[in-house]
Amino acid sequence: MSGLFIAFEGGEGAGKSTQAGLLDEALRQRGYYPVLVREPGSTPLGEHLREYLVAGQPITPPAELLLFEAARAELMARRIAPDLADGAVVIVDRFAGSTVAYQGHGRGLDLERIKWLNDFATRGRYPDLTLLLDIDPAIGLNRVQSRQLSFGLLDADADRFEDADIAFHSAVRRGFQEQAAADPAGWQVIQGNHAIPDVATAVWRSVSPLLAGRNLRRESV
Ligand code: TMP
């Protein structure tokens, strides 16, 4: 069995986590064996690094890059690779494409070096399909802010990336769009500003053809 590997990518407030959760549920209901993980995170080291990477003190861009890659190497070795070998449908909420977009296009680090590090951390195993939830950063950041307001979190939780300026987030968006354009077989772009059920329908339309003809594990956990 070699499983099926699906990644969600996109800027802040694009709806990735919501859609990854809905896809997980849809697969489970149909008797598949989905495993949902997030980056950075989903391992003890990854969750520890996530706290620092998202809300910690300022760090230099090269250090930031290496910490994301460390979290990825751990997640790939301990969760993604074994689950794929077990025939699971592995859904990742962000993956290597986020490093290209944020650390490459956003921070301006060298794209060739990032590619080398991504290959190293992933051991060359990339998603069978990457779904880019594309959204205007002004709308996405606004969504994030309303969510924080409704949870009474505004200003309480500094976030390294959400607090970056709009030029940074526009560069990140272009970084995602360029990756999708360069690999139309591996990436699909879905408009993230539509209603949640409509985006979920588009996601299912992209994922369901990949389920047929694969030897996927069928019982749910
Ligand atoms: P989120 O997935 O909850 O949005 O938070 C993760 C943050 O980390 C998000 O702002 C994007 C950022 N990030 C990078 O800058 N590079 C990466 O490689 C990954 C996985 C995430």
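**The ligand site and its surroundings**

Some background. This is a predicted model, where local features need pLDDT of at least 70, side-chain atom pairs count only at pLDDT 80 or more, and totals for chains, interfaces and linings use all residues. Residues are numbered from 1 along each chain as its sequence is written, and side-chain values use heavy atoms, with hydrogens and water left out.

In the side chain of Thr99, an N or O atom is 2.6 Å from an oxygen atom of the ligand. For Arg94, a polar side-chain atom lies 2.8 Å from a ligand oxygen.

Which residues are around the ligand? They are Glu12, Glu39, Arg50, Phe68, Arg72, Arg94, Ser98, Thr99, Tyr102, Gln103 and Phe161. Being near means having a heavy atom within 4 Å of the molecule. H4 gives the largest share of this shell, four residues. Helices here are DSSP runs (H or I, at least four residues), as are strands (E, at least two), numbered from the N terminus.

Next, the aromatic pairs: the structure holds seven. Rings of Phe, Tyr and Trp (its six-membered ring) pair if their centres lie within 6.5 Å; planes under 30 degrees apart count as stacked, over 60 as edge-to-face and the rest as tilted. Tyr102 and Phe168 make a tilted pair, 6.1 Å centre to centre with 55° between the planes. Tyr102 is in helix H4 and Phe168 in helix H7 (residues 166-182), so the pair ties together parts 66 residues apart in sequence.

Last, the backbone. Glu39 and Pro40 are joined by a cis peptide bond, with omega about -10°. Pro40 sits in the loop between strand E2 (34-38) and helix H2 (44-55).

Methods. A polar contact is a pair of N or O atoms within 3.5 Å; within protein, one must be able to donate a hydrogen and the other to accept it, and residues adjacent in sequence count only if both atoms are side-chain atoms.
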